[in-house]
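Here are a few exercises to work through with the model on your screen. Try each task yourself before you read the solution.

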Amino acid sequence: MVRLTRIYTRTGDKGTTALGTGERRPKDDLRIEAYGTVDELNAVIGVARLHADAPADAALARIQNDLFDLGADLATPDTGKPLPYERLAITKGQVDRLEREIDAMNARLQPLNSFVLPAGTPASAHLHHARTVARRAERLMVGLSRVDGETVSDPALQYVNRLSDWLFVAARIANDEGRADVLWVPGATRS
């Protein structure tokens, strides 16, 4: 259970922050960048929810909760050492749920014959924005996983990869099930 009684602590005034393990790291550390970008993604999804219909809003609410799980997973590296609490980590079940939801949404769409521009309805545009932030979070997590001594779980990497796919398909659904997608026309603006 989390209990916040004070919002400012002054412990980060010199440019460091604490991981879930208690270890302090510089605020520009790659691990901090990764879970900070997951936090940014969560905020962008919050804006998308303002424009979503009820089913999409409910799904996005579940995803926002998952993103807090992902942030906790990244903020508490699995060092193999015991912690005074149970370490929270993304599970295969969370990845599987995203895959089922992607398949259900995608079954409602016609196949694409062109790339989709990130536009259309406000909901679609915000979901595309979230998709790009998810891809950035994924790039940071992959980079972190390649650093000696750092770990990122396979389910965490799979989750953020699937999430960007989920957001793409949801953006198409928000564009009148793809009928209002704005398609790229190669070379259309060349003189």
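**Exercise 1.** Are α2 and α5 roughly parallel or roughly antiparallel to each other?

Before we start, some ground rules. This is a predicted model, where local features need pLDDT of at least 70, side-chain atom pairs count only at pLDDT 80 or more, and totals for chains, interfaces and linings use all residues. Residues are numbered from 1 along each chain as its sequence is written, and side-chain values use heavy atoms, with hydrogens and water left out.

*Solution.* 
- Step 1: find the elements. Helices (H or I, at least four residues) and strands (E, at least two) are DSSP runs, numbered from the N terminus. Helix α2 covers residues 54-75, and helix α5 covers residues 154-174.
- Step 2: get the angle. Axes are lines fitted to C-alpha atoms, for helices over the stretch in contact, and angles run from 0 to 180 degrees between N-to-C directions. For α2 and α5 the angle is about 150 degrees, and their axes are 11 Å apart.
- Step 3: apply the cut-offs. Under 35 degrees is roughly parallel, over 145 roughly antiparallel, 65 to 115 roughly perpendicular, and the rest oblique. So α2 and α5 are roughly antiparallel to each other.
- Step 4: look at who touches whom, where contact means heavy atoms within 4.5 Å. From α2, A59, L60, I63, D66, L67, L70 and D73 meet A156, Y159, V160, L163, W166 and L167 in α5.
- Step 5: sort these residues by class. Ala, Val, Leu, Ile, Met, Phe, Trp, Tyr, Cys and Pro count as nonpolar, Asp, Glu, Lys and Arg as charged, and the others, Gly among them, as polar. The contact of α2 with α5 has eleven nonpolar, no polar and two charged residues.

**Exercise 2.** Which residues of α2 and α3 meet, and how many of the residues in this contact are charged?

*Solution.* 
- Step 1: check the geometry. The axes of α2 and α3 lie 12 Å apart, at an angle of about 155 degrees, so this pair is roughly antiparallel.
- Step 2: list the partners. A59, R62, I63, D66 and D69 in α2 meet Q94, R97, L98 and E101 in α3.
- Step 3: count by class. There are three nonpolar residues, one polar and five charged.

**Exercise 3.** At what angle do α4 and α5 pack?

*Solution.* 
- Step 1: α4 spans residues 122-145, and it packs on α5 at about 165 degrees with the axes 8 Å apart. That makes α4 roughly antiparallel to α5.
- Step 2: by class, their contact holds 15 nonpolar, five polar and four charged residues.

**Exercise 4.** Which residues have the most contacts inside the largest nonpolar core?

*Solution.* 
- Step 1: A nonpolar core is a set of buried Ala, Val, Leu, Ile, Met, Phe, Trp, Tyr and Cys residues joined through side-chain atoms within 4.5 Å. Buried means under 20% relative accessible area, exposed over 50%, and partly exposed in between (1.4 Å probe, protein chains only).
- Step 2: read off the core. It has 42 residues, and L70, W166 and L167 have the most contacts inside it.
- Step 3: see who contributes. α1 (30-49), α2, α3 (92-106), α4 and α5 each supply at least two residues, with α5 giving the most, at eleven.
- Step 4: zoom in on W166. Leaving aside neighbours within four places in sequence, W166 is in contact with A59, L60, I63, L98, E101, I102 and M105.

**Exercise 5.** Is L60 buried or exposed, and what about D148: buried or exposed?

*Solution.* 
- Step 1: L60 lies in α2. Its relative accessible area is 0%, so L60 is buried.
- Step 2: beyond its neighbours within four places in sequence, L60 is in contact with I45, R49, A52, L127, W166 and L167.
- Step 3: D148 is in the loop between α4 and α5. With a relative accessible area of 78%, D148 is exposed.

**Exercise 6.** What is the phi of D176, and what is the phi of E177?

*Solution.* 
- Step 1: recall the background. Most residues other than glycine have a negative phi.
- Step 2: D176 has a positive phi of about 55 degrees, and E177 has a positive phi of about 50 degrees.
- Step 3: check accessibility. D176 is partly exposed at 42%, and E177 is partly exposed at 24%.
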